[in-house]
Amino acid sequence: MTATFDTDRMAAVIYGSEKLASRRREISAAVSRIPELHDSRPLPFMDRLEKVTEMTRKLAALNKHLPDIIDPNDYEEGLHLYHEVMGMEGHPLALHEVMFIPGLIGQGSDEQYEKWLGRARRREIIGCYAQTELGHGSNLRSLETTASYDPSTREFIIHTPQITALKWWPGALGKSSNYAIVVANLIIRDRNLGPHPFMVQLRDEETHRPLQGITVGDIGPKMAFNGGDNGFLGFDNYRIPLGNLLNRHARVEEDGIYVKPPHAKVGHSAMIRVRSHMATGQAWLLAHSLIIAVRYSAVRRQGFLEDKTREVKILDYQTQQYRLFPSIARAYAFIFCGFETIRLYDQLILDVNKHGNTSGMADLHALTSGLKSVVTYQTGEGIEQARMACGGHGYSMASYISEIYGVAIGGCTYEGENMVMLLQLARYLVKSVELIKNGKSKELGPMVAYLAEPDTQEKTPLELKDYVKLFQMMSKRQSWKATERYLKLVEGGVSRDVAWNKTAVELTRASRLHTRLYIMETFIRRVSSIEDMNLRMVLRDLVNVHVNYELLDCGIYLHDVSLLDSIKNQLYSSLHSLRPNALSLLDSFQFSDIQLRSVLGRRDGHVYENLFEWAKSSPLNVSDVLPSVDRYLRPMMEKAKL
Ligand SMILES: CCCCC/C=C\C/C=C\C/C=C\C/C=C\C/C=C\CCC(=O)SCCNC(=O)CCNC(=O)[C@H](O)C(C)(C)COP(=O)(O)OP(=O)(O)OC[C@H]1O[C@@H](n2cnc3c(N)ncnc32)[C@H](O)[C@@H]1OP(=O)(O)O
Ligand SMILES: Cc1cc2nc3c(=O)[nH]c(=O)nc-3n(C[C@H](O)[C@H](O)[C@H](O)COP(=O)(O)OP(=O)(O)OC[C@H]3O[C@@H](n4cnc5c(N)ncnc54)[C@H](O)[C@@H]3O)c2cc1C
């Protein structure tokens with residue numbers, strides 16, 4: 001089937017500019033010409049140590065070739081090059097780029113940039129972000145690692161008081177990093193001033209051995225990221241200089257006087273940054289799995305429809321389309337709303353760092369808390385559907401979908417466990433409803449203004465604005481319902497914390513609806529702004545799939561469920577309309593075969609030949625009779641014959 005639009009032009013929309021989209025193609029082409037940058041053999045056949053070694057080998061090779069391929073100062077080009085070469089299974093610089101350098105930029109002073117930033121950027125040192133502990137991750141106020149100030153030596157003493165205080169999970173900590181931003185409770189004269197970020201050297205720069213007072217290692221295999229070394233870390237009264245408290249916002253004077261930051265949570269900026277980037281990051285993962293599933297579905301034939309002489313492509317089944325197309329729509333929606341969120345984050349950082357203005361922090365914290373939760377969960381759902389849509393071959397690691405799934409659902413946990421983060425957004429929604437109840441609607445931010453709108457009659461949506469209106473109404477009702485339930489308990493004498501817990505499920509529902517509304521609105525906004533008519537038309541089809549699917553999925557929040565029949569019909573017809581463009585919408589992501597790492601999804605479409613070649617390369621097929629057969633199976637069978 002021929003697409004109605006140009007995939008290069010769509011790539012420019014997906015990646016934000018014509019220039020970046022074409023640079024991505026050039027970068028992929030450059031990588032394809034350098035064998036040193038390719039996987040030396042399929043990753044699923046490697047054990048953990050081999051994977052870590054392979055990732056480290058490629059990283060060093062990449063570091064060597066990087067200046068010939070990209071402008072080292074161009075972050076977006078760098079991100080693509082890393083994805084292409086390193087894939088997604090983790091590597092020594094993953095957290096260095098994603099949290100260590102951004103954490104230093106967000107929290108460090110100009111003097112501290114001078115000391116560490118250049119070295120970090122040149123990769124003279126490798127760092128990670130060590131916050132989570134064995135006993136606590138979500139509740140930062142219960143972290144146990146201490147950094148006690150000793151004015152006599154102008155040093156902090158970093159200490160792990162007990163086993164639960166061991167840092168646990170930080171990526172690239174176990175074996176790769178020699179520095180870390182360590183989040184520890186700042187203690188001055190026995191007063192705990194809460195978690196603060198410290199720059200800590202962990203290993204000798206020459207020998208790479210842990211420094212005295214440091215215990216560090218790898219935490220073992222995980223669901224995914226097994227090419228990376230998530231680690232543990234303990235401190236035995238380990239001393240660092242006063243200048244190692246990252247002090248752009250909070251400071252300790254030599255005599256121990258503490259200077260507060262302009263906002264208590266300004267130290268969370270590295271987390272807010274990652275959360276802001278997660279919608280786009282997860283969208284690539286969702287698209288990655290869908291490219292595999294949709295390409296495969298356009299090759300795989302099974303069963304008959306009208307033509308009884310030739311089996312049908314499985315992509316023509318309505319159930320297959322229902323399984324896959326709403327996720328294509330979500331992948332696009334996440335990208336567009338991700339771009340908008342990143343812009344909000346960049347603006348906030350500018351406001352905070354240049355003008356000391358922290359007034360936007362609460363809004364962005366609430367928004368990104370909800371967004372990371374909804375997006376990671378829906379991405380996981382979409383990837384799992386993509387796997388099942390490939391039948392048995394989806395279950396093989398040749399499809400690579402299980403790896404993508406493992407990586408994506410890590411996002412439900414890292415950067416804030418999803419339920420915990422949904423409840424953060426819920427605090428904001430409840431406060432907003434309380435403002436309205438107290439006659440202060442004027443104080444509401446623009447994203448929650450709809451909470452003050454009166455209910456109107458539900459009617460069949462015909463235009464996009466009708467869908468938004470219906471969704472706003474459902475979201476508003478749920479926020480009010482949850483708030484009133486909570487307040488009723490409080491008014492009845494239940495403590496706020498217990499009342500909150502007794503309302504928590506309803507509160508998370510409110511957060512999800514609010515976030516889904518935001519995603520829908522940003523998706524519609526972006527598509528309406530696209531000038532190329534061919535692109536706009538196909539994206540409009542995608543929006544139709546999205547709004548109908550979302551409404552149907554949230555149908556329990558409608559009062560008049562009879563509306564659902566017409567919504568179902570509109571959904572089925574929009575799935576049908578999308579069919580000719582489905583594959584090209586995914587090809588527009590322009591994943592190379594190297595980056596795809598999937599035998600099932602390769603561009604050449606020779607699924608069966610490629611699968612057979614892949615199976616033959618299994619280490620189990622090196623010999624016809626395995627030693628385990630000689631040692632155990634044959635004797636067992638021989639014995640049975642006697
Ligand atoms: C270029 C970037 C790319 C990014 C990658 C994106 C996608 C990736 C795709 C592929 C992956 C590839 C590589 C990545 C691999 C691995 C993963 C990468 C990183 C993972 C790193 C981590 O996980 S680091 C550890 C993260 N930990 C957490 O997130 C902990 C969660 N907990 C919290 O954040 C907090 O404890 C809390 C928010 C739940 C509560 O905060 P706390 O300070 O304890 O709260 P209270 O003292 O009770 O105060 C509550 C009060 O403060 C408000 N608040 C809280 N935080 C903020 C904030 N940041 N800003 C503003 N306000 C805040 C809160 O709303 C309350 O306000 P009210 O009292 O007014 O209601
Ligand atoms: C792949 C991966 C990479 C990571 N990388 C890093 C890193 O680089 N650096 C780093 O510091 N950390 C990292 N982490 C750790 C991660 O940030 C934490 O695991 C995460 O914040 C969740 O915290 P937790 O493990 O304490 O979960 P818990 O909070 O123990 O969650 C367990 C359950 O308790 C529930 N729960 C907890 N609190 C509440 C509450 N208040 N209300 C309702 N329910 C609640 C949760 O919803 C969940 O169901 C990583 C984790 C993973 C999986």
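Predicted model: local features only at pLDDT ≥ 70, side-chain atom pairs only at ≥ 80, totals over all residues.
**Entry 1: ligand 2**

I found 21 residues around ligand 2, and Gln131, Thr132, Gly137, Ser138 and Met419 come nearest. Next I looked up which elements build this shell. I noted that β1 (127-130), α11 (401-413) and α12 (418-437) each supply at least two residues. The largest share, three residues, comes from α12. Sorting the shell by class, I got ten nonpolar, ten polar and one charged residues.

Then I asked myself: between which domains does ligand 2 lie? Domain 2 (124-261) and domain 3 (267-416) both give residues to its shell, so ligand 2 lies between them.

**Entry 2: the two domains**

I wanted to see those domains in the whole protein. The chain is divided into domain 1 (13-105), domain 2 (124-261) and domain 3 (267-416). I read 33 Å between the C-alpha centres of domain 2 and domain 3. Their contact takes ten residues from domain 2 and seven residues from domain 3. On the side of domain 2 that touches domain 3, strand β6 (residues 191-201) has the largest share, with three residues. By class, I wrote down seven nonpolar, three polar and no charged residues for that side of domain 2.

**Entry 3: ligand 1**

My next stop was ligand 1. It has 29 residues around it, and Lys265, His268, Gly281, His365 and Gly416 come nearest. Which helix gives the most to this shell? I found that α7 does, with six residues. The helices α5 (94-107), α7 (269-299), α9 (361-389) and α12 each supply at least two residues here. I remembered α12 from the shell around ligand 2. The class count for ligand 1 is 13 nonpolar, twelve polar and four charged residues.

**Entry 4: Glu415**

In the model, I found Glu415 in the loop between α11 and α12. Is Glu415 buried or exposed? Glu415 has 23 C-beta neighbours inside 10 Å, so I count this residue as buried; the cut-off for buried is 20 or more. Leaving aside neighbours within four places in sequence, I listed Met271, Val274, Arg275, Met278 and Lys372 as its contacts.

**Entry 5: residues 269-430**

Last, I looked up one more annotation. The unreviewed UniProt entry gives "domain: Acyl-CoA oxidase C-alpha1" for residues 269-430. Over this stretch I read 80% helix and 0% strand. Its end C-alpha atoms are 24 Å apart.

Terms used. Residues numbered from 1 in each chain as written. Chains lettered and ligands numbered in written order. Near = placed C-beta within 6 Å. Helix = DSSP H or I, 4+ residues; strand = E, 2+ residues; numbered from the N terminus. Nonpolar A, V, L, I, M, F, W, Y, C, P; charged D, E, K, R; others polar. Domains from an automatic or database assignment. Buried ≥ 20, exposed ≤ 12 C-beta atoms within 10 Å, placed from the backbone. Contact = placed C-beta atoms within 7 Å. UniProt positions renumbered as here; feature names shortened; annotations may be inferred.
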